[in-house]
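Me: I am new to this structure and would like to learn how to read it. Please take me through the features one at a time.

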Amino acid sequence: MVFGLFAALGWGFADFFGALAGRRIGSISAVVAGQLLSALFMTVVLIATGESLEPLRSDIWLVVLNGGFAAFAYTTHYKALELGPVAVVSPIGAGYAVVGVALAMVVLGERPSALSLAGAGIAVVGVALVSTDFRKLMHGVKNHVPGLPWAVVAAISFGVAGFLLGWISDRAGWIVGLWGSRVAQIAFFFPLPIVFRRELSRVRVGIGLGIALLAGAADILGVVTFSAGSERGLNSIVLAASAVFPLIAITLSVIVFKERMVANQVVGVALVIGGLLLLGLG
């Protein structure tokens, strides 16, 4: 669970800095910069540790699947943010852990305790509440916001990608597995510079790019601790604990931008804390 919480910390900071970078250089530019940094970092770690790529030989199909689902998840997530309000997209995205946990139980036969499952469920509900203004969420769902289907697809894709990354780390070790995952994802991102060439051509060395790289560094903390935790413990528990990352981003927004929390967000914070306590006891 500790590894999952550190992953949540990294991804929470990555979301916060990623949003800042996206406003300066564009969301696609921010994602590409961050993921390139992540792939470069893991290449350096792989070379420095002298890890062999042999363990990936039998799992190359998992690596390709993970790269494809991860790239698709990022693409659909940003499409959802483009078409619909964050108030509708974010809480739906928090459901990725449900997909990942279900796959870990069905495919890998993991059996978390009933207390752990209850804690995971409560924490995910809490994240959904703390991620949005409930009134805006209901308004968006009622009026069939265009970004809604994309948000659902993104949540499912992130759940599958997270499950596959954990499975690869189990089988090949987290260093080799994460390296393969990052490189495969970059390969699937290759069409982006062609499709979004106008946005990417405007990127210059400056504050915006620096913040994007800072978001990438935070994402590295997230994926490294997630992968290491998956190698050492149950994928389902790491997935559930990592799902609280929106709470970090919301907290940073409240502190930095002086944003006010509505009643359902306060309830969400309490549920997240209670859910994590049950997850730890389980």
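Me: Is D59 buried or exposed, going by its relative accessibility?

Reply: Buried means under 20% relative accessible area, exposed means over 50%, and partly exposed lies in between (1.4 Å probe, protein chains only). D59 has 2% relative accessibility, so D59 counts as buried. Before going on, note that this is a predicted model, in which local features need pLDDT of at least 70, side-chain atom pairs count only at pLDDT 80 or more, and totals for chains, interfaces and linings use all residues. Residues are numbered from 1 along each chain as its sequence is written, and side-chain values use heavy atoms, with hydrogens and water left out.

Me: What does the secondary structure of the protein chain come to?

Reply: Helices (H or I, at least four residues) and strands (E, at least two) are DSSP runs, numbered from the N terminus. The protein chain has 15 helices and 0 strands. Of its 282 residues, 50% count as buried. The chain exposes about 13,100 Å², an area from the Shrake-Rupley method with a 1.4 Å probe, where for residues only the protein chains shown count as cover. Carbon and sulfur atoms supply 72% of that area.

Me: How many salt bridges does a search of the whole structure find?

Reply: Side chains of opposite charge can pair when their charged atoms come close. A salt bridge is a side-chain nitrogen of Lys or Arg within 4 Å of a carboxyl oxygen of Asp or Glu. The search finds 3 of them. One joins R171 to D59, with the closest N and O atoms 2.7 Å apart. That pair links distant parts of the chain: R171 is in helix α8 (residues 147–172), D59 is in the loop between α2 (27–49) and α3, and 112 residues separate them. R171 has 44% relative accessibility, so R171 counts as partly exposed.

Me: Which residue forms a salt bridge with D219?

Reply: R182 does, the closest N and O atoms being 3.9 Å apart. D219 belongs to helix α12 and R182 to helix α9 (residues 174–189), so the pair ties together parts 37 residues apart in sequence. Both D219 and R182 are buried. A further salt bridge is between the side chains of R57 and E54, at 2.9 Å from N to O. Here R57 is exposed at 61% relative accessibility, while E54 is partly exposed at 44%.

Me: How many of the 16 residues of α9 are buried?

Reply: The count is 13 of the 16, so α9 is largely enclosed by the rest of the structure. Its length can be checked too, since the expected span of a helix is 1.5 Å times one less than its number of residues. For α9 that gives 22 Å, and its end C-alpha atoms are 22 Å apart, which agrees.

Me: Which residues of α5 are buried?

Reply: An α-helix has 3.6 residues a turn, so residues three or four places apart point the same way. In α5 the buried residues are Y96, A97, G100, V101 and A104. Seen down the axis of α5, they fall within an arc of 130° (taken from the directions from the helix axis to the C-beta atoms), so they line one face of the helix. After α5 comes G109, with a positive phi near 75°.

Me: Which residues are in contact with V224, leaving aside its neighbours within four places in sequence?

Reply: Contact means heavy atoms within 4.5 Å. V224 is in contact with F41, M42, W174 and L178, its neighbours within four places left aside. V224 lies in helix α12 (residues 207–232) and is buried at 16% relative accessibility. T225 is also found in helix α12 and is buried, at 12%. With neighbours within four places again left aside, T225 is in contact with F3, F6 and A7. Among contacts in the protein chain between residues at least 6 apart in sequence, 92% join residues at least 24 apart.

Me: Which residues make the nonpolar surface patch?

Reply: Patches are made of residues with over 30% relative accessible area and no salt bridge; like charges are joined within 9 Å, nonpolar side chains (Val, Leu, Ile, Met, Phe, Trp, Tyr) within 5 Å. I60, W61, V64, L65, F69 and F188 make a patch of about 540 Å². Helix α3 (residues 60–83) gives the most to it, with 5 residues. I60 is in helix α3 and is partly exposed, with a relative accessible area of 48%.
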